[in-house]
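Thanks for coming, everyone. Please take a look at the structure on the screen, and then we'll walk through it.

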Amino acid sequence: RSQPFLKKKNKFDKKMVVKTDACAFSEFRIYPGHGSKIVRRDGQVVTFATKKAKSLYLQRKKPNKLTWTIGWRRLNKKDKKEETGRVRKRKIQKGQRAPTGITIDQIRKLRKDVKKSTKGGAAAAAAKEIKDRKNKKKGGK
């Protein structure tokens with residue numbers, strides 16, 4: 001027996017679309033049957049969500065200076081939607097540079113020698129060899 005509350009949604013079923021306006025002052029949504037409108041001297045129709053917004057607009061207050069308006073929230077980056085759209089920069093990978101006195105190939109060779117040798121003496125000898133080369137260069141200059 002079919003149960004009406006478990007009915008599958010048809011692809012032709014449409015949701016009701018409600019046309020909303022934006023308040024000229026606070027930028028809040030104004031649903032049908034709500035808010036008020038004013039016609040300015042230049043003929044532009046201005047809509048307001050609340051009497052508070054209308055009153056502040058007529059007093060020529062700036063909405064960006066009032067913390068409860070969307071304009072203020074946008075200026076002070078309180079909107080969470082904009083944070084998700086960040087652009088990521090690629091990190092630049094730097095190649096290995098040879099320190100003065102020894103080349104990268106020599107360093108790699110020394111590392112292989114250290115790994116192959118099981119004794120710690122070989123690593124110490126390699127380090128001593130590098131120091132000797134550096135001392136020779138410093139003495140030569």
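First, a term. A salt bridge here is a side-chain nitrogen of Lys or Arg within 4 Å of a carboxyl oxygen of Asp or Glu. What you see is a predicted model: local features need pLDDT of at least 70, side-chain atom pairs count only at pLDDT 80 or more, and totals for chains, interfaces and linings use all residues. Residues are numbered from 1 along each chain as its sequence is written, and side-chain values use heavy atoms, with hydrogens and water left out.

How many salt bridges does the rule give? The count is 3. Let's take them in turn.

Glu-27 pairs with Arg-74, with 2.3 Å between the closest N and O atoms. This pair links distant parts of the chain, 47 residues apart. Glu-27 sits in the loop between E1 and strand E2 (29-30), and Arg-74 sits in helix H2 (residues 70-75). Helices (H or I, at least four residues) and strands (E, at least two) are DSSP runs, numbered from the N terminus.

Buried or exposed? Buried means under 20% relative accessible area, exposed means over 50%, and partly exposed is in between (1.4 Å probe, protein chains only). Glu-27 has 32%, so it counts as partly exposed. Arg-74 has 42%, so it is partly exposed too.

Next, Glu-129 and Arg-133. Their side chains meet at 2.6 Å, N to O. Both lie in helix H4 (residues 121-140), 4 residues apart, about one turn of the helix.

Then Asp-42 and Arg-40. Their closest N and O atoms are 3.1 Å apart. Asp-42 counts as exposed because its relative accessibility is 55%. Arg-40, at 33%, counts as partly exposed.

Asp-42 and Arg-40 come up again in the lining of the largest pocket. A pocket, on a 1 Å grid over the protein atoms alone, is an open set of points where a 1.4 Å probe fits, with protein on both sides within 12 Å along at least five of seven lines; lining residues have an atom within 4 Å of a point. This pocket holds about 230 Å³ of space, the volume being the space filled by probe spheres set on the points. Other lining residues include Phe-25, Tyr-57 and Lys-61. What is the lining made of? It has 4 nonpolar residues, no polar ones and 5 charged.

Last, Met-16. Met-16 lies in the segment before strand E1 (21-22). Its relative accessibility is 75%, so Met-16 counts as exposed.

Terms used:
Nonpolar A, V, L, I, M, F, W, Y, C, P; charged D, E, K, R; others polar.
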